[in-house]
Amino acid sequence: MFFQGRAWLRMYQGPVDDRQQGNLCRVRCFLFGVIAACVGLAANYTQVLASGPGQRPVWLTQDEWSFVQNHPTISIGPDPGFAPIESFDSDGNYIGLAADYIHLIEQKLGIRFEVVRLKSWDEVLRKTRAREIDALPAAANTPQRQEYLDFAPPHLVLPGVILVRDKVEGELGLTDLKGRSVAIVAGYVWQEMIEAEHQGINIVPVDNLESGLQKLAFGAVDAMIATLPVAIHVIEEAGIQNLRVAGETGFFTRLSFGTRKDWPLLNSVIVKALAEITAEEKQNILSRWIGLQYKSDPIYKSKAFLISLLIGAGIIIVVVIGAYVWNGSLRRQVLNRTRELRDKKNHLNAIFDNAPVEIYLKDAEGRYLQINRRFEELSGVRNDDLVGNLPTDAHDPELAERTQEHDLEVLRSGKVIAREETTLTKRGRRTLYTIKFPVLDEQGVVVGLGAVASDVTELKEAEDKIRRSEAGLKESQRIAKLGSWELNLISDELNWSDEVYGIFDIDPEISEGTTKLFYQRVHPKDRKLVAQATEEAINENKPYSLDHRIILPNGETRFVHEEAIVELNGSGKAISLHGTVQDITDRHLAESKLKESRELLRALADNLPQFISVKDTEGRFQFVNKRFEEWTCLDSGDVVGKTVHDIYPPEQAARFAANDRIALDTRTIMAQEVDLYYPDGQTRTVISTRFPIFSETDDLVGLGTINFDINDRKQAENARHAALLEAEQANRAKSEFLAHMSHELRTPLNAITGFAQLMVDETFGGLGHPKYREYALDVLGSGEHLLSVINDVLDLSKIEAGEVSLNPTEFSLHYAINDCISLIRAQSTDRPERIGLELSDQISNVHADNRVFRQILLNLLSNANKFTPDDGRITVISELDGENRVSVRIRDTGIGISSEDMAKVLEPFGQARADAQISHEGTGLGLPLSQKLMELHGGTLELQSDPGGGTTVTLTFPAERTVDEGSRKKRD
């Protein structure tokens with residue numbers, strides 16, 4: 001351990017009262033200065049041993065010179081928090097040991113280093129690995145860094161130490177840190193070393209050394225590992241006073257110049273430049289920053305350092321013993337060290353000049369023998385002008401009198417005496433805490449005195465602030481109903497703040513807070529919960545935070561919130577609990593009412609049939625109801641905290657977000673009817689209403705959305721609209737039917753009545769006239785036509801009523817076709833040859849209703865004959881397709897049917913031309929009747945037509961209607 005393993009940051013470990021503790025804190029500053037002076041003395045002594053030849057130019061090869069000329073500027077990345085090795089001052093200038101080395105290398109090589117200032121060492125390493133930085137002035141050589149850096153031999157070797165809070169007792173090694181939290185600056189070599197060799201240590205990476213030391217000082221971590229001189233520097237700068245060095249790590253920071261691995265010439269150039277730095281130059285750098293000189297090995301292992309350390313330690317012992325030890329058994333040592341001090345006046349001067357406190361020595365008559373620089377600055381008097389003078393010769397009468405009175409008290413009593421007073425100095429009115437101690441000879445006779453004065457003005461002001469803060473804290477606790485407590489697990493002593501007594505309704509004048517009294521106040525149903533949390537905290541080092549009930553003496557039940565953390569000793573054993581307790585009864589009751597209201601609103605929202613959501617002003621979902629979950633197929637836990645972009649497709653999400661933004665920006669209610677597709681597979685027509693949500697202070701805090709499903713209503717409206725259209729179409733069909741029927745009925749009836757009237761009137765004489773026979777035939781034809789019309793109407797009515805049944809038999813398809821064509825040809829006496837046949841040899845018989853088939857075929861042939869001009873052509877085709885289905889196709893070259901009339905002609909009473917006077921004779925029942933009769937057979941009727949291009953009607957029977965040997969046997 002550095003300085004023989006003593007915890008030199010903690011100078012005293014015995015029990016002290018508050019006054020003594022304050023004195024010790026002030027003296028630490030003095031001792032730190034004394035130690036620094038001794039280290040400086042060691043460095044000065046060893047300088048002679050390390051001095052070498054004078055400076056000479058750096059010799060480089062041709063390739064190296066070419067590299068230097070081609071790279072006149074090299075970027076370097078310092079560690080911003082590694083003072084005094086390297087850091088930045090308040091003006092942003094790069095300073096420290098490594099910076100001085102950089103300046104020397106610049107002079108020797110004639111190149112310029114460009115400093116890249118970054119926030120942390122971890123960031124420096126990332127930039128270096130990415131080759132955004134060319135070199136590191138002070139980096140430890142590790143296997144990980146060797147992947148991207150070449151390293152020069154170490155030019156600085158620094159020991160690593162373990163820092164702990166001063167209340168942690170004993171010396172520690174790395175093995176003692178197992179299971180403890182240890183702070184290490186992220187990216188430092190310590191982290192790699194310890195992770196590799198001591199995996200049980202819980203490493204806590206920090207951004208820089210100061211933040212790690214602050215965490216340690218405030219108990220956020222158990223220890224910290226750092227480089228000794230760097231840690232000393234940061235502790236001094238930050239004014240941290242409750243830390244000490246507890247042991248060595250056994251590791252050393254060997255700092256080298258690291259260069260880019262793809263630039264090996266840069267590494268060789270740097271190595272040669274470092275080799276040309278003389279011992280004197282190195283010593284000047286070290287003396288300037290830390291007063292220590294390092295060679296290839298740590299200097300405190302060298303013989304020169306040990307000799308110097310003995311000399312410096314002698315001086316330390318003189319001052320420490322003169323300041324604190326008045327035990328008679330040590331007087332001989334004091335006398336010897338005093339004589340040694342006089343013999344080495346130059347060393348004393350160094351100590352005095354570097355001490356951060358005011359120091360002076362006086363003889364037995366109270367005359368000044370020596371004052372340091374800080375005392376000169378404080379008093380405004382130079383050492384040479386003050387030596388040999390009494391206080392009355394140097395100070396104003398009032399101050400001189402007080403000083404002499406104090407001196408005489410020390411000289412007469414031979415005891416250490418301390419006092420605190422406020423006096424006027426060159427720095428204004430300051431409060432000084434002065435410790436005066438006697439200097440004794442070998443016989444124990446007082447031969448002089450020494451004094452250490454600390455300027456505690458800021459400390460006093462801080463103490464005043466602390467007192468005011470404590471008063472403010474007490475008042476704040478009263479207002480917040482928050483108290484603090486501490487339980488000593490060793491003595492079971494429980495200390496409560498005043499507010500805790502108030503919360504538990506206990507008079508501190510009557511009853512003292514105890515663990516037993518505390519548990520008496522805890523509600524019986526909550527005692528197990530509290531006991532379990534306490535047990536886990538003690539046994540598992542597990543802080544707790546919980547709410548529980550207490551019962552006051554008047555029977556009132558209150559609610560409190562407790563939090564506690566555990567304090568461990570050096571061996572990891574829990575020694576105390578520190579916690580807070582807060583009365584949250586009012587908050588609990590308010591939260592209960594709020595929770596009840598929220599549950600009521602949730603129940604209401606979940607049972608509404610509407611889709612409901614609430615978002616904040618940034619578009620993040622805060623609440624969704626059950627209908628939202630059903631429509632989106634998402635749980636509320638997967639939605640809350642997300643935006644529409646996280647749960648909807650991009651296009652839909654963008655539209656929703658835009659509408660949300662409009663409602664928020666305009667602070668108005670928006671309602672619109674939209675069709676939305678949801679993940680549950682439904683496309684819904686909804687009325688989407690967006691409304692802004694305001695706080696009690698009229699601040700916009702969110703946006704609500706209600707989607708009302710109007711699908712059923714829209715379907716009902718569509719159904720009503722369709723029914724209306726159907727009714728209108730039926731009405732038009734009825735009108736057209738009546739027009740057709742009136743025409744169809746009127747024409748033959750006119751003939752019947754007219755010819756009958758002629759016969760009744762015997763216009764041509766008696767009834768035996770041949771003309772009457774002709775008229776009788778016309779009457780018969782007209783009557784048969786009327787019968788046919790009526791039969792078609794009846795057949796269609798029976799089919800729609802489901803009263804028509806088929807009588808299927810096996811018959812010859814081609815025979816039936818020829819019979820029907822013969823009948824049609826007989827009606828076309830002028831050109832019977834215009835009907836042609838294309839019958840397939842593969843077809844023989846079909847199993848269908850022969851009469852119905854003939855009725856269908858006659859209807860279609862009649863239509864074809866009716867609408868085909870005299871010079872046109874009608875062709876009947878039979879086919880058997882690959883699926884054994886029989887098809888009969890009637891194709892004509894008639895007037896055709898337009899596409900808009902195609903559906904119309906397949907409706908009952910529908911005709912392609914509605915004008916009854918110019919329509920061809922017929923009811924318009926032929927095609928729809930034929931289609932329905934084919935459907936009764938399980939077949940189809942298909943219609944294809946072009947205006948002026950003719951019409952083709954295809955009848956297709958299902959395969960089971962085709963008769964072959966196999967189907968016949970199956971049927972039999």
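In the predicted model, D698 counts as exposed because its relative accessibility is 52%, where exposed means over 50% relative accessible area, buried under 20% and partly exposed in between (1.4 Å probe, protein chains only). D698 has a positive phi near 65 degrees although the residue is other than glycine, and its place is in the loop between β26 (683-694) and β27 (700-709). A positive phi, of about 60 degrees, is also found at D492, which is not a glycine and which lies in the loop between β18 (482-488) and β19 (493-496); at 47% relative accessibility, D492 counts as partly exposed. A cis peptide bond, with omega at about 5 degrees, joins A83 and P84, and P84 is located in the loop between β2 (81-82) and β3 (86-88).

This is a predicted model, in which local features need pLDDT of at least 70 and side-chain atom pairs count only at pLDDT 80 or more, whereas totals for chains, interfaces and linings use all residues. Residues are numbered from 1 along each chain as its sequence is written, and side-chain values use heavy atoms, with hydrogens and water left out.

The protein chain has 31 helices and 35 strands, these being DSSP runs numbered from the N terminus (helices H or I, at least four residues; strands E, at least two). Of its 972 residues, 44% count as buried. Among contacts (heavy atoms within 4.5 Å) between residues at least 6 apart in sequence, 60% join residues at least 24 apart.

For helix α20 (residues 527-540), the 14 residues should span 20 Å at 1.5 Å a residue, and the end C-alpha atoms are 19 Å apart, which agrees; the expected span is 1.5 Å times one less than the number of residues. The buried residues of α20 are V530, A533, T534 and A537. They cover an arc of only 95 degrees around the axis, which puts them on the same side of α20, the arc being that of the directions from the helix axis to the C-beta atoms. These buried residues pack against α19 (515-521), β20 (544-551), β21 (557-568) and β22 (574-583), while K528, E535, N539 and E540 are exposed on the other side of α20. The helix α20 is followed by N541, whose phi is positive, near 50 degrees.

In the contact of helix α3 (residues 97-109) with helix α8 (residues 264-275), Y101, I105, K108 and L109 of α3 meet V269, I270, A273 and L274 of α8.

Technical notes: Axes fitted to C-alpha atoms, helices over the stretch in contact; angles between N-to-C directions.
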